[in-house]
Amino acid sequence: MQENFALLKRVLKKLHDAGCLNHIVLVGSWASYFYGLYFKSHDYRPLIRTSDIDFLIPNPRNVAPDLDLNLGRVFEELDFVKHFDRSGLIKYESKSLTIEFLVPEIGRGSGGPIKVKGLNITAQPLRFLNMLSEDLLVVQYEGMRIKVPDPVAYAFYKLIVSGRRFKKDKKAKDYDTAIDLIRFLKKQGMSRNITSYFNSLPKPWQKKVSSILEGANNLEILENA
Amino acid sequence: MEMLKGVLQEELANSRRRVSAFMAALKELPKGSLHEKEIKGKKYFYRAYWDPKSKKNIFELLGDKPSEKLIASYEKAKAKRASYKNQIRVLKLQVHFLERVLRAREFRIAEACSKKAA
């Protein structure tokens, strides 16, 4: 874990030096680590079991037109190697971590990975990621400005995604992450934000969230919000 | 138990994917190393590499002195090769360990129990 975090810091530093940290958002389990730092609280200790570092590119068609970076080479300097997926997606692998780029899937979907020209990478389109790119939080960390999704949006995203998972362990992990984060945010006095975010969701999504919470006998988590 | 098995299976798949990624990266590195030899006061440059078919070290004579850029690329490749080989070794140990763990009797018993319960 400590080794992985040290490597993550080196990756973030490289991206910061390359000037592309402004164009990407750190999502996934590693983002929740930065919530604890942002709220300066020791109460929130996210369970980071993942070995994936996921970066979201909110606007892949218009990313860094002035930049012409080769992120593959940047990661190569940190001993990451390319792995070509069958779908054409390129992931960057190290001994213990995998870097992957994601983009929000819109409309019918592109059916496969898309190329991000400014960064010379491919990214995987996924549903519901636009939830994470709408509201962002900037965490100052060791001279870097790290963008992470708004924690309320992230918690609801995890809830919705947990309902779409087939694997039991992943489903449980997403659900637990969401519930822990909502509980922590309530302790931080963000109950109103949780209620207003829930009410701002489209009605079908609200239903989905309610049914997931109801299924786990946890609907009261929204009641006091 | 099922969740634990799922986590271990995911880790095994990750480790296998990483082994294949490092193997592919290893193949892409320039083969062999550059050597300089002085014979009767004259300098000769060779590229030495292992030929798996003939099972011999092959010394290929280079016409001119290799450029600084080429020498640097071979030096870099040498360091990378050592690092990749080390990572492959560690990952293979991890794969081996995870495969053994997933074959454990406890998992089989738990699976049988859950089948019975269903």
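This is a predicted model: local features need pLDDT of at least 70, side-chain atom pairs count only at pLDDT 80 or more; totals for chains, interfaces and linings use all residues.
Chain B contains 3 helices and 3 strands. In sequence order these elements follow the pattern α-β-β-β-α-α. The chain is more spread out than a compact globule, because its radius of gyration is 24 Å, well over the 13 Å that the globule rule gives for 118 residues. The extent of the C-alpha trace along its principal axes is about 85 × 30 × 15 Å. Of the 118 residues in chain B, 8% are buried.

The packing of two helices was then examined. Helix H1 of chain B comprises residues 2–28, and helix H2 of chain B comprises residues 68–102. Their axes come within 9 Å of each other and cross at roughly 155 degrees. Angles over 145 degrees count as roughly antiparallel, and H1(B) and H2(B) are therefore roughly antiparallel to each other. The crossing in which H1(B) passes H2(B) is left-handed. Among the contacts in chain B with a separation of 6 or more, 60% are accounted for by residues 24 or more positions apart.

In an unreviewed UniProt entry, residues 67–94 of chain B are annotated as "coiled-coil region". In the model, this span of chain B is 96% helix and 0% strand.

Notes
Residues are numbered from 1 along each chain as its sequence is written. Chains are lettered from A and ligands numbered from 1 in the order in which they are written. UniProt positions are given in the numbering used here, feature names are shortened, and annotations may be inferred rather than shown by experiment. Helices (H or I, at least four residues) and strands (E, at least two) are DSSP runs, numbered from the N terminus. The radius of gyration is taken over C-alpha atoms; the globule rule is 2.2 Å times the number of residues to the power 0.38. A residue is buried if 20 or more other C-beta atoms lie within 10 Å of its own, exposed if 12 or fewer, and partly exposed in between; C-beta atoms are placed from the backbone. Two residues are in contact if their C-beta atoms, placed from the backbone, lie within 7 Å. Axes are lines fitted to C-alpha atoms, for helices over the stretch in contact, and angles run from 0 to 180 degrees between N-to-C directions. Angles under 35 degrees count as roughly parallel, over 145 as roughly antiparallel, 65 to 115 as roughly perpendicular and the rest as oblique. A crossing is left-handed if the near helix is turned anticlockwise from the far one by less than a right angle, and right-handed if clockwise.
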